[in-house]
Every structure is written in C-alpha cells, then in structure tokens.
Amino acid sequence: MNLSYWEIKTWLTNIDFTIVGSGIVGLNCALQLKKRFPKAKILILEKGILPQGASTKNAGFACFGSLSEIIDDLKNHSEDDVLELIKKRINGLQLLRETLGDNALDYQNFGGFELFLESDDTLYNSCLSNKDDINQLLYSIFNTEVFSFKVNNFGFKNIKPNYCFNPFEGQIDTGKMMNALLDKVQSLGIRILNNTKVEELSEDSNAVKLKTNHFDFTTKKLCIATNGFAKQLNIPEVKPARAQVLITKPIDNLNIKGTFHLDEGYYYFRNIDNRILLGGGRNLDFQTEETTEFGQTEIIQNKLENLLKTIILPNTNFEIDQRWSGIMGVGKQKNAVVKQLSKNVFCGVRLGGMGIAIGSLIGKELADLVE
Ligand SMILES: Cc1cc2nc3c(=O)[nH]c(=O)nc-3n(C[C@H](O)[C@H](O)[C@H](O)COP(=O)(O)OP(=O)(O)OC[C@H]3O[C@@H](n4cnc5c(N)ncnc54)[C@H](O)[C@@H]3O)c2cc1C
C-alpha cells in the first residue's frame, strides 16, 4: 500500500511498543504498558476486522477448573503446581473484574455444574471418591468446600442423577467484555489497526522491523499476543486448536441457568439471553481440529445437536440459530508461555481453554517483561 507522508508520520513513526493481536492478552498488555509508560506510543496490529482468534468467540465461562479436570491435572502435575494454576485463574478473574467492572462484563454468578454421562461409571466414581481430597486441597484458597454433589433438577436426561456443583463459577457476556476492553484501550490513546497482519519480523540491536500485509515499519519493542497463531511468527510451543460452538434461538421459559461441563469437559454449555450456547467435541477429531482455519465439521456439529436433543433439552423444541468456531492455543503443558524471545521481542501465548480467567494476568505479565 502506498501510504502518504501524513499517514506514515502520524501512525507509523516513533512507535515505542507494538503489540500483535487484539485478543484479551494483547489488550491487557497494552493497558499495562500504558500504565508503566504513560507517554509511550503504543500500536496494536490485528489481522481481523474484529479480534479474530478466541477472545470474541468463546463460551464466556468464568471458571477455574471442574472437579474431573483438577483430578486429571493432578495426574500430570504436582499438587503445588495445580494449586498455583488455580490461584492464577482466580487472581486473573479478579483482575478482569476489577479492570472492567461486573456490569460491563455482565458477570453472573449462577455457579458451575459438572454432568456425568449415564454410562460413565469410571469418571463419576473417581469424582465421588476424590471430592473430599480436592476440597481439602482447595481449602487454603476458598476457606470452604468448593465441590458438592446435588440432584439434577434441570430436567437433563441420560446423565447420572447427581451432578457436581461449584458455587464459585460464573459467566460473562464475551462480546461485552471485549467491547469494554477495546473501549478502554482506545480511550487511553492506544491505536488499533485492524485488517493488518504481521507477516515477518527482523531485529537489529535497537529496533524490530515488521512487514505487514499493507506496509513495513519499525518499532522499538514488540509484544506477540497471537495465541493459536503463534507458530506463524516462529513460536513453536503452541499448537492451534479449533473449537466449534452453536447457539439456539431463544427458548420460552428456559429454566437452565449456569455453566455446565459434560464428559470430562469435552463439552460445555450455558444459558445466555434465553438460549443455550453449546460447544466442544474436539475429541471426536483432534487431527482435523488442529488448524488455524475457522469452520465447522459435520461430525462435531451433529454431535452437538444430538447432545441438545438427548441430554440438555430432551423435552423442549429448539432451533439452532448460529454456529461458529474460534482458534485456541494449546500445548503439552497447561501453563501459558510468557517470555522474552530476543532483545526486543516478547510473547504471551498458549492460553488454552481458560483464557478468560488468565488472559488479563498474562497480558499484564507480558507487559511487565518489557524494560
Ligand atoms: C469456542 C471457544 C470457547 C472458549 N470458551 C472459554 C471459556 O468459556 N472460558 C475461558 O476462560 N476461555 C474460553 N476459551 C479460551 C479463551 O477464549 C482464550 O484462551 C483467550 O481468548 C485467548 O486470548 P488471546 O488474547 O491469547 O488470544 P486471541 O483471542 O486468539 O487473540 C489473538 C489475536 O491475534 C490476532 N493475530 C494472530 N496472528 C496475527 C498476525 N500475524 N498479525 C496480526 N494479528 C494476528 C488474531 O486475529 C487474534 O485476534 C474458549 C475458546 C474458544 C475458541
């Protein structure tokens, strides 16, 4: 693109910090950089017309881990590591709520529920028998019991009669959160250029040169917050993981309220605006879903519809209104990768499936790496 003298001088000269990606991490990184360096010129580059990864696509669970997930994490991580991970999610949620306020997020504390398939005795029994130990482990954080078993009173079918309840789980309106974050960032004079994809970067001792799909320019420091797309900028620790979602049309007298985890968290659903939003099913076809391409597949969408018919809304007529997907960043370990990649380049990526919880904190940590 042939830019004018004015365009180059005003938007692309003397940039102190450039952030790639306007998801929850990139935007929180920008807020923290502005706090630390009030006079700095900060630019965010975003390839989508809106943020286009996971932050505007997710299910809006404000959660820190279901009982089965914590049990599973303890198989691969030490107790201390698991506690650290949970504390981080709780602190991250707190930071998000402090940064934007519960009204802006439409934060609702309806609690979280883990449902067990009728046929899954193994998982159910494991959760029953480990519940007390896990509650004890979490006591230092919550000073009370977190998980308890309750009788299904939502009319779900083909699941165990009891589900596991967690009163500390909440839900947010994802769109409102991102809108409020974007407003906050822009109100501080931080510029966001949408539809601008960073294609390559190179570095000398004082600066980083960026090539985008429209123009080239130079920035003093670069923060990469591209999560599932990190490999494209040579960060190998992150694999993309597509997650598919659908939402029903509004349902009269819907009495389901809360955030729900099913089948070890492979499926998740919640109420929103008298609708059910349901996602998951990557386990049906992990290989196809390891992609940065947005899209839906028949196998997963059929399964999601089948769950609505047989488990979630067995006695209710419903219609599907919309379907979409988002791209997460995952890896062998659950913790995010927040590090300095070279003298002037830093990254905060691999947020996994709980980026709402940790995204604000990871953005802040990324900004705090920069000197
Ligand atoms: C369907 C789905 C449901 C989820 N549900 C939940 C949930 O209920 N609770 C929860 O806590 N988490 C959930 N998550 C995970 C959570 O959304 C993510 O962990 C979080 O949004 C990650 O934020 P991020 O800023 O790291 O990444 P992103 O939001 O993906 O932001 C990265 C941005 O970088 C941009 N970008 C990438 N490459 C480039 C480039 N080269 N140049 C310019 N821009 C670029 C992308 O367009 C994108 O906007 C879900 C995710 C999905 C997909």
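Reader: At what angle do helix H3 and helix H4 pack?

Author: This is a predicted model, and in it helix H3 covers residues 67-76 while helix H4 covers residues 79-100. Their axes lie 8 Å apart, and the angle at which the two helices pack is about 135°.

Reader: Are H3 and H4 oblique or roughly parallel to each other?

Author: Angles under 35 degrees count as roughly parallel, over 145 as roughly antiparallel and 65 to 115 as roughly perpendicular, with the rest called oblique.

Reader: Which residues make the contact of H3 with H4, and how many of them are charged?

Author: On the side of H3 the contact is made by Ile70, Asp73 and Leu74, and on the side of H4 by Glu79, Val82, Leu85, Ile86 and Arg89. Sorted by class, this contact has five nonpolar residues and no polar ones, and the number of charged residues is three.

Reader: How is H3 oriented to helix H6, roughly perpendicular or oblique?

Author: Helix H6 spans residues 121-142, and the axes of H3 and H6 come within 9 Å and cross at roughly 80°. Because angles of 65 to 115 degrees belong to one class, H3 is, in relation to H6, roughly perpendicular.

Reader: Which residues of H3 meet H6?

Author: From H6 the partners are Leu123, Ser126, Cys127, Asn130, Lys131, Ile134, Leu137 and Leu138. The residues of this contact divide into nine nonpolar, three polar and one charged. Those that H3 brings to the contact are Leu67, Ser68, Ile70, Ile71 and Leu74.

Reader: Is the crossing of H4 with H7 left-handed or right-handed?

Author: The axes of H4 and H7 come within 10 Å and cross at roughly 60°, and that angle makes H4 oblique to H7. Leu96, Thr99 and Leu100 of H4 make the contact with Met177, Ala180, Leu181 and Lys184 of H7. The crossing in which H4 passes H7 is left-handed.

Reader: Which residues lie closest to the centre of the second largest pocket?

Author: The second largest pocket holds about 320 Å³ of space, and 16 residues line it. Helix H7 (174-187) and strands E14 (267-272), E15 (275-280) and E16 (320-330) each supply at least two residues of that lining. By class, the lining has six nonpolar, five polar and five charged residues. Closest to the centre are Asp173, Ile247, Ile272, Leu277 and Trp324.

Methods
Residues numbered from 1 in each chain as written. Predicted model: local features only at pLDDT ≥ 70, side-chain atom pairs only at ≥ 80, totals over all residues. Heavy atoms only, no water. 1 Å grid on protein atoms, 1.4 Å probe; cavity = no way out; pocket = protein on both sides within 12 Å on 5 of 7 lines; lining within 4 Å. Points joined across faces, edges and corners; volume = space filled by probe spheres on them. Helix = DSSP H or I, 4+ residues; strand = E, 2+ residues; numbered from the N terminus. Nonpolar A, V, L, I, M, F, W, Y, C, P; charged D, E, K, R; others polar. Axes fitted to C-alpha atoms, helices over the stretch in contact; angles between N-to-C directions. Contact = heavy atoms within 4.5 Å. Left-handed = near helix turned anticlockwise from the far one by under 90°.
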